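Please look at the sequence and the model together, and keep both in view while you read the paragraphs that follow.

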Amino acid sequence: LRASRGGNAGPKPKATKKAPKPHERAPKHNPGPRAKADTNDTTADAANDAANDMKPRVDFNKLATSARGETGANKRKLSTAELLAAAEERQRKQRARMAEADGGDEVRIDEWQRAIEKAGGIKKKDDPKLLKKTLKRKERQKKKSSAEWKARIKKQISEQSEAQQKRKDNLAARMT
């Protein structure tokens, strides 16, 4: 009974070497498809490169438009004020189209298009109400930050003048 619980029951059997698992074995010499690619067949490589260039590149759920030369790096980010002006202009045009006889259909199509883009993950900053709110919040933050900065400058000046006064007092005490 004690022997099965880890007691000293005698010498332990020697461990035998296990056979390597299939994924650990050294591969047999089989050149495979890469050996064909190493040959001097440049026409096939050129054809494959051309075929790959023609395929549209897909990034997540958006199509990359690098083939057309359009890149997002060339566009600069619009400020909140510019976004607000554009949103108000779009809203004004939308109201004008709604007043027309057949303009309501175009407006509904635009609304659906915006809904599809939003569902696709594209953030649209075109709500004038929210943009005004954002603009006011940024202005409040700027005022608060400038007030804190002025207080910091004032504190530094007062500390500097106190240090200078203390130094003058110490020098005067040394002289006497």
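Which residues form a nonpolar patch on the surface? The patch consists of W149, I153 and I157, which together have about 310 Å² of accessible area. Patches are built from residues with over 30% relative accessible area and no salt bridge, where nonpolar side chains (Val, Leu, Ile, Met, Phe, Trp, Tyr) are joined within 5 Å and like charges within 9 Å. A salt bridge, in turn, is a side-chain nitrogen of Lys or Arg within 4 Å of a carboxyl oxygen of Asp or Glu, and accessible areas come from the Shrake-Rupley method with a 1.4 Å probe, with only the protein chains shown counting as cover for residues.

This is a predicted model, in which local features need pLDDT of at least 70 and side-chain atom pairs count only at pLDDT 80 or more, while totals for chains, interfaces and linings use all residues. Residues are numbered from 1 along each chain as its sequence is written, and side-chain values use heavy atoms, with hydrogens and water left out.

The chain has five helices and two strands, where helices (H or I, at least four residues) and strands (E, at least two) are DSSP runs numbered from the N terminus. Read from the N terminus, these elements follow the order α-α-β-β-α-α-α. Of the 176 residues in the chain, 6% are buried, a word that stands for under 20% relative accessible area, whereas exposed means over 50% and partly exposed lies in between (1.4 Å probe, protein chains only).

If neighbours within four places in sequence are left aside, T80 is in contact (heavy atoms within 4.5 Å) with L131, T134, L135 and K138. K132 touches L84 and E88, not counting residues up to four places away, and K132 counts as partly exposed because its relative accessibility is 42%.

Helix α5 (residues 128-175) also holds K136, which counts as exposed because its relative accessible area is 58%. K136 is one of the residues that gather in a patch of positive charge on the surface, together with others including K77, K123, R137 and K142; here Lys and Arg count as positive and Asp and Glu as negative, while His and the chain ends are not counted, and the place of a charge is taken as NZ of Lys, CZ of Arg, CG of Asp or CD of Glu.
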